[in-house]
Amino acid sequence: MNILVITDKLDFGGAEMYFCKLENLMHDSNITFHFAAGHGQLYERIKNKHRFHELSRTSHTQNMKKLVKIVSDEKIDLVHANSLRMVLYCICVRKISGIKFKIMYTKHNVTILENRSRRVFAYLINRYVERVITVSDFEKNNLIKAGIKANKIKTVYNGVDLNQFGFNQEEKGDFFKVGILARLSEEKNHELFIRIADQLRDKPQIIFYIAGDGPRKQKIKTMIETCNLSHKVKLIGSVNRPEEFIKNIDILLLTSYREVFPMVILEAMAVGTNVISIDRGGIREAIIDKETGFLISSHSAEEFCRIILEMESDESLKYKLIENARRKVEDEFSLDSMVENTLGEYRKCY
């Protein structure tokens with residue numbers, strides 16, 4: 001079997017890291033793999049560059065021509081698309097080339113199309129996609145409710161690289177550090193993170209860190225300055241080594257308006273950093289409230305503050321949650337399971 005795995009680009013992000021893990025680790029003596037993506041910071045993580053094809057980040061036409069050539073020259077049997085845009089590419093390439101390769105779709109995010117027309121989204125997936133991988137059972141159930149055939153869908157949890165995100169047992173210093181690692185975009189709701197910092201402004205031992213980059217960078221910077229919080233909230237930009245940032249904070253917050261299943265939760269649990277998260281999407285499949293972290297049902301700055309102060313003062317609770325969280329990641333979110341389950345989905349196609 002010849003398989004092509006494709007994604008939009010290689011910038012830092014959950015779907016892009018997932019693509020790199022598959023490229024690095026998938027091996028099957030009966031399968032020849034090819035990979036294709038737009039350029040980005042993660043290109044250096046591609047280990048087998050002889051089988052990697054670079055796509056354009058700006059020209060759909062150029063990408064269509066390139067994919068038609070790859071599918072034809074390499075006799076591709078199955079294309080594994082890692083975004084809805086890549087699924088649409090595949091549908092077009094099939095029609096242009098006349099080659100009846102099969103399509104698999106890993107759904108990492110909530111898409112614009114399903115928000116605007118679930119009926120059209122369901123039609124496209126049921127009509128053209130052979131198998132759908134969801135990264136949480138929550139998302140699997142959402143797709144079934146949207147009308148996707150249940151027998152097409154399999155949940156395969158993302159796996160954490162436990163070597164990269166190694167367990168950190170060192171004491172974390174004089175200051176109590178609270179952080180967020182996320183794209184600086186509207187759905188991540190950094191405004192709530194800043195309001196939390198504002199409510200704890202009279203706690204000089206608690207410092208807040210925002211890591212990441214994105215379109216709302218200037219707005220977030222302005223909000224920090226307007227609230228006179230520059231001494232307390234540090235905007236540090238993108239990080240090339242997320243494991244170092246996560247290891248060096250005491251608590252990771254997730255304040256998003258919507259999520260599917262963010263990898264950063266699992267990564268924090270792996271390194272031994274406590275997590276306080278809004279209860280959205282499939283997050284509760286990783287965080288068991290008060291056992292492996294804390295879940296908050298609403299965007300309440302007061303509730304986030306209450307738990308931060310509780311965690312700061314209760315060392316035994318903090319370490320109990322850390323141990324439980326690490327054990328859960330080791331047992332349920334390993335890279336080996338992710339790769340083997342993905343290969344199993346490929347085999348179901350033939």
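Close-up 1. Strand β1 (2-7), helix α2 (60-73) and helix α3 each put at least two residues into the lining of the largest cavity. This is a predicted model, and a search through the whole of it turns up one cavity of 30 Å³ or more. Its volume comes to about 40 Å³. Who lines the largest cavity? Look for L4, I6, L67, V71, V79, Y89, C90, V93 and F101. Helix α3 is the top contributor to this lining, with three residues. Sorted by class, the lining holds nine nonpolar residues, no polar ones and no charged ones. As background, rolling a probe the size of a water molecule over the atoms is a way to show where empty space is left.

**Close-up 2. Helix α3 packs against helix α5.** Here we stay with α3, which covers residues 84-97, and bring in α5, residues 118-128; the two pack at an angle of about 55 degrees, and their axes are 12 Å apart. That angle is why α3 counts as oblique to α5. The crossing of this pair is left-handed. Split by class, the contact of α3 with α5 has seven nonpolar residues, two charged ones and no polar ones.

**Close-up 3. Helix α10 crosses helix α12.** Now we move along to α10 (residues 263-271) and α12 (residues 315-332), whose axes come within 7 Å and cross at roughly 115 degrees. The crossing of α10 and α12 is left-handed. From α10, the residues L266, M269 and A270 meet A325, R326, K328 and V329 of α12. Five nonpolar residues and two charged ones make up the contact of α10 with α12, with no polar residues.

**Close-up 4. Helix α11 meets helix α12.** Helix α12 shows up again, this time with α11 (residues 301-313): the pair packs at an angle of about 100 degrees, and the axes are 5 Å apart. So α11 and α12 are roughly perpendicular to each other. Which residues make the contact? Helix α11 brings E310, M311, E312 and S313, while α12 brings E315, L317, K318 and L321. By class, the contact of α11 with α12 divides into four charged, three nonpolar and one polar.

Methods:
Residues numbered from 1 in each chain as written. Predicted model: local features only at pLDDT ≥ 70, side-chain atom pairs only at ≥ 80, totals over all residues. Heavy atoms only, no water. Axes fitted to C-alpha atoms, helices over the stretch in contact; angles between N-to-C directions. Helix = DSSP H or I, 4+ residues; strand = E, 2+ residues; numbered from the N terminus. Parallel < 35°, antiparallel > 145°, perpendicular 65-115°, else oblique. Left-handed = near helix turned anticlockwise from the far one by under 90°. Nonpolar A, V, L, I, M, F, W, Y, C, P; charged D, E, K, R; others polar. 1 Å grid on protein atoms, 1.4 Å probe; cavity = no way out; pocket = protein on both sides within 12 Å on 5 of 7 lines; lining within 4 Å. Points joined across faces, edges and corners; volume = space filled by probe spheres on them. Contact = heavy atoms within 4.5 Å.
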